[in-house]
Amino acid sequence: MILMFICYVLLASSGLILFKFGSTNCNLTLNIFGISINYSIKMLMGLFCYGCSFILWMLIVNKMNLTIAMPLSVALVNTLVLVGSCVFLKEKITLIQVIGIFIIIFGVSLISIKK
């Protein structure tokens, strides 16, 4: 179960980062019903990763307590997206974002404590 959750977090966060990374170089066009959609291979890879993460999420929700799975997944995905955006997209991390990530992780750790 832990391995499935780790795969979900990695696929969801990498899917979001790839989608954003690919949106800057949209060199392919798809015309559907008169609507033109520009996309790139990186966007398609991001969509694939995010789609696979959704399938894993359905399995996780089926087997895990939702009150633990949801906050934990949001915290980990948001943290990895923040770090990945800094590393791969060269976005700047502000002090407020760092404080926010620590608050999220602290809050999730409080939720995860068993009575």
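Biologist: Which residues in α2 meet which residues in α3?

Modeller: On the α2 side you have Trp 57, Ile 60 and Val 61. They meet Leu 66, Ala 69, Met 70 and Ser 73 in α3. Keep in mind that this is a predicted model.

Biologist: OK, and how many nonpolar, polar and charged residues are in that contact?

Modeller: The contact of α2 with α3 has six nonpolar residues, one polar and no charged ones.

Biologist: At what angle do the two helices cross, and how close do their axes come?

Modeller: Helix α2 covers residues 41-63 and helix α3 covers residues 66-88. Their axes cross at roughly 145° and come within 8 Å.

Biologist: Is that crossing left-handed or right-handed?

Modeller: α2 passes α3 in a right-handed crossing.

Biologist: Let's zoom out. What does the secondary structure of the chain come to?

Modeller: There are four helices and two strands. If you read along the sequence, the pattern is α-β-β-α-α-α.

Biologist: What box do the C-alpha atoms fill?

Modeller: Roughly 55 × 35 × 25 Å, taken along the principal axes. The accessible surface of the chain is about 8100 Å², and 75% of that belongs to carbon and sulfur atoms.

Biologist: What share of the residues is buried?

Modeller: Buried residues make up 23% of the 115 in the chain.

Biologist: Which residues make up the largest nonpolar core?

Modeller: That core has nine residues in all: Phe 5, Tyr 8, Val 9, Ala 12, Leu 56, Trp 57, Ile 60, Ala 69 and Val 77. The elements giving two or more residues to this core are α1 (2-22), α2 and α3.

Biologist: Which of them gives the most?

Modeller: That's α1, with four residues. As background, nonpolar side chains tend to be buried together in soluble globular proteins.

Biologist: Why does Ser 73 count as buried?

Modeller: Because its relative accessible area is 2%, and buried means under 20%.

Biologist: There's another serine, Ser 85. Is it buried or exposed?

Modeller: Ser 85 is buried, with a relative accessible area of 9%. It lies in helix α3. Leaving aside neighbours within four places in sequence, Ser 85 is in contact with Ile 17, Lys 90 and Glu 91.

Biologist: Where is Lys 90, then?

Modeller: Lys 90 sits in the loop between α3 and α4 (95-112). Lys 90 is exposed, with a relative accessible area of 64%.

Biologist: What is the phi of Lys 90?

Modeller: It is near 60°, a positive value in a residue other than glycine. For background, most residues other than glycine have a negative phi.

Biologist: Last one: is Phe 102 buried or exposed?

Modeller: Phe 102 counts as exposed because its relative accessibility is 59%, and the cut-off for exposed is over 50%. You'll find Phe 102 in helix α4.

Biologist: How far apart are Phe 102 and Met 64 in sequence and in space?

Modeller: They are 38 residues apart in sequence and 24 Å apart in space, going C-alpha to C-alpha.

Note on methods: Residues numbered from 1 in each chain as written. Predicted model: local features only at pLDDT ≥ 70, side-chain atom pairs only at ≥ 80, totals over all residues. Heavy atoms only, no water. Axes fitted to C-alpha atoms, helices over the stretch in contact; angles between N-to-C directions. Left-handed = near helix turned anticlockwise from the far one by under 90°. Contact = heavy atoms within 4.5 Å. Nonpolar A, V, L, I, M, F, W, Y, C, P; charged D, E, K, R; others polar. Buried < 20%, exposed > 50% of the residue type's maximum accessible area, 1.4 Å probe, protein only. Areas by Shrake-Rupley, 256 points an atom, 1.4 Å probe, with all protein chains shown as cover. Core = buried A, V, L, I, M, F, W, Y, C linked by side-chain atoms within 4.5 Å.
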